[in-house]
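Try each one on your own, then walk through the solution.

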Amino acid sequence: MFSYRHAFHAGNHADVLKHFVTIQLLQYLNQKDVAYSYIDTHSGAGVYELDGAFASKNAEYDTGIGPLWNLTDMPAPIKEYVDLIRAMNPSGKMRYYPGSPYIADQVAREQDRLRLFELHPADSKLLADNFRKLDEHKAQQGFRSTVRGKRVLVTRGDGFASLKALLPPPSRRALVLIDPPYEDKQDYKKTKDVLAEALGRFPTGTYAVWYPLLQRMESRQFADKLKQLPAANWLNVVLTIKKPLPDGIGGLHSSGMFILNPPYTLEPMLKEVMPWLVKALGQDAGARFTLESGTQATAGRNTGERRPPVRQKKIVKTA
């Protein structure tokens, strides 16, 4: 069972997967001049202290950013991710780790909009404080925004319930990141239901869902249920760093990123990068990655019934 406070898990192998993929999704959106919205339904605190009481308790960063920190020969997408984290640690010591909101702030452009939600009162306050400090730092550096409106909005609230009002965004371009803690097994159903509604309102948006691979049935069936959502395309990538123990204990061994309407560049990039990442972070012979993609068939005419995916392929490779 996970703690709701992400600080306990900051920088672990699941964060590596989630954050390097998120950077690639944002960079793809950056290729067009038109502004986009980045919507984070479960934002957390934004920045975490790896030498703080929470993160240092189990030192989960030793399964993720730790092994990558001093490497020099890395695939470009991993280097881009590691360089971003190094930039917030100018002393060279690995002290601070960014959450998804900070990463989005660094990669998105001035004209893009960040809409961040966090329900936990302590983390919501930390998130707001962290972005206030960022704004103060920019002001001290003489930065003045040339774009009307608030670029970053931090809201203490339920990201699931808040998503509906933001879709479709004015520019008709958006990346929505959904990564609840999944402590409550209802989070799996909530995520699927929220995505179904979001696709109905904004079918061309890109939706990225992080999820853990656990023993519980809801977790094992989650990706297959997401494949049935009415998105034109989907992609599912799973990183496993060690063989799971039969009793289900021993820490998180696998996590996945499921993307609805992924950019066409994502799958070939992952085919190149994931084997390297398995070797870099794998802990035993059980280390591997899984990469699946599919195209959803259109609904049956006048029946409302949905046909199975017309295309699905799966790649499984070990270290």
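**Exercise 1. Find which residues aspartate 179 is in contact with, leaving aside its neighbours within four places in sequence.**

Solution. Step one: collect the partners. Aspartate 179 is in contact with Lys18, Asp40, Thr41, His42 and Trp210, where contact means heavy atoms within 4.5 Å.

A quick word on ground rules. This is a predicted model, in which local features need pLDDT of at least 70, side-chain atom pairs count only at pLDDT 80 or more, and totals for chains, interfaces and linings use all residues. Residues are numbered from 1 along each chain as its sequence is written, and side-chain values use heavy atoms, with hydrogens and water left out.

Aspartate 179 sits in the loop between strand E6 (174–178) and helix H8 (186–201); helices (H or I, at least four residues) and strands (E, at least two) are DSSP runs, numbered from the N terminus.

Step three: check the record. UniProt, in an unreviewed entry, puts the feature "active site" at Asp179. UniProt positions are given in the numbering used here, feature names are shortened, and annotations may be inferred rather than shown by experiment.

Step four: is aspartate 179 buried or exposed? It counts as buried because its relative accessibility is 10%. The cut-offs are under 20% relative accessible area for buried, over 50% for exposed, and partly exposed in between (1.4 Å probe, protein chains only).

Step five: look at one partner. The side chains of aspartate 179 and lysine 18 are joined by a polar contact of 2.6 Å. A polar contact is a pair of N or O atoms within 3.5 Å; within protein, one must be able to donate a hydrogen and the other to accept it, and residues adjacent in sequence count only if both atoms are side-chain atoms.

**Exercise 2. Work out which residues are linked with Asp179 in a network of salt bridges.**

Solution. Step one: the network links Asp15, Lys18 and Asp179. A salt bridge here is a side-chain nitrogen of Lys or Arg within 4 Å of a carboxyl oxygen of Asp or Glu.

Step two: follow aspartate 15, which lies in helix H1. Aspartate 15 counts as buried, because its relative accessibility is 1%.

Step three: see what surrounds aspartate 15. A polar atom of its side chain lies 2.9 Å from the backbone nitrogen of glycine 11. Leaving aside neighbours within four places in sequence, aspartate 15 is in contact with His6, His9, Ala10, Phe20 and Tyr97.

**Exercise 3. Say how many salt bridges a search of the whole structure finds, then explore some.**

Solution. Step one: the search finds 13.

Step two: aspartate 129 pairs with arginine 132, the closest N and O atoms being 3.8 Å apart. Both lie in helix H6 (residues 121–140), three residues apart, about one turn of the helix.

Step three: lysine 227 and glutamate 292 meet in another salt bridge (2.8 Å, N to O). This pair links distant parts of the chain: lysine 227 is in the loop between helix H9 (217–226) and strand E8 (233–240), and glutamate 292 is in strand E10 (residues 288–295), 65 residues apart. Both lysine 227 and glutamate 292 are buried.
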